[in-house]
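Good morning, colleagues, and thank you for coming.

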Amino acid sequence: YPVPALRVTVEFYDFFGKLLLLRTGTPVPTSLGPGDTATLSLSTPTLEAARQTRYRVQYGGGPPRHARP
């Protein structure tokens, strides 16, 4: 099924699990069909203490709802 809305959050953590930086962006294109891909570009400063990166993808949509007769 198509995905009509995408949003990606990138989180950077230090060795102890403390959140250092969080960036959110919208990939291009913002909606995808089956088999499509998108590109995301985020600008971040140099983080010497960063030891772990987490990516969170949020999306809207899903299977179409069928109307009842």
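Let me begin with contacts along the protein chain. Among those with a separation of 6 or more, 59% are made by residues 24 or more positions apart. Please bear in mind that this is a predicted model.

Which elements does the protein chain contain? There are three strands and zero helices, and the order along the sequence is β-β-β.

I turn now to strand β1, which spans residues 5-13. Is this strand mostly covered or mostly uncovered? It is mostly covered, with seven of its nine residues buried.

Strand β1 has two partners to consider. One is strand β3, residues 52-60, which runs antiparallel to β1 and is joined to it by nine bridges. Within this pairing, Val-8 faces its opposite residue, Val-57 in β3.

The other is strand β2, residues 19-25; here β1 and β2 are also antiparallel, and six bridges connect them. Two opposing positions may be pointed out: Glu-11 lies opposite Leu-22 in β2, and Phe-12 lies opposite Leu-21 in β2. Between the strands of this β1 and β2 hairpin there are five residues, and Gly-17 in the hairpin adopts a positive phi near 90°.

Finally, I would like to consider the surface. The protein chain has 69 residues, of which 17% count as buried.

Thank you for your attention.

Definitions and conventions
Residues are numbered from 1 along each chain as its sequence is written. This is a predicted model: local features need pLDDT of at least 70, side-chain atom pairs count only at pLDDT 80 or more; totals for chains, interfaces and linings use all residues. Side-chain values use heavy atoms; hydrogens and water are left out. Buried means under 20% relative accessible area, exposed over 50%, partly exposed in between (1.4 Å probe, protein chains only). Helices (H or I, at least four residues) and strands (E, at least two) are DSSP runs, numbered from the N terminus. Two strands pair if DSSP finds at least two bridges between them. Contact means heavy atoms within 4.5 Å.
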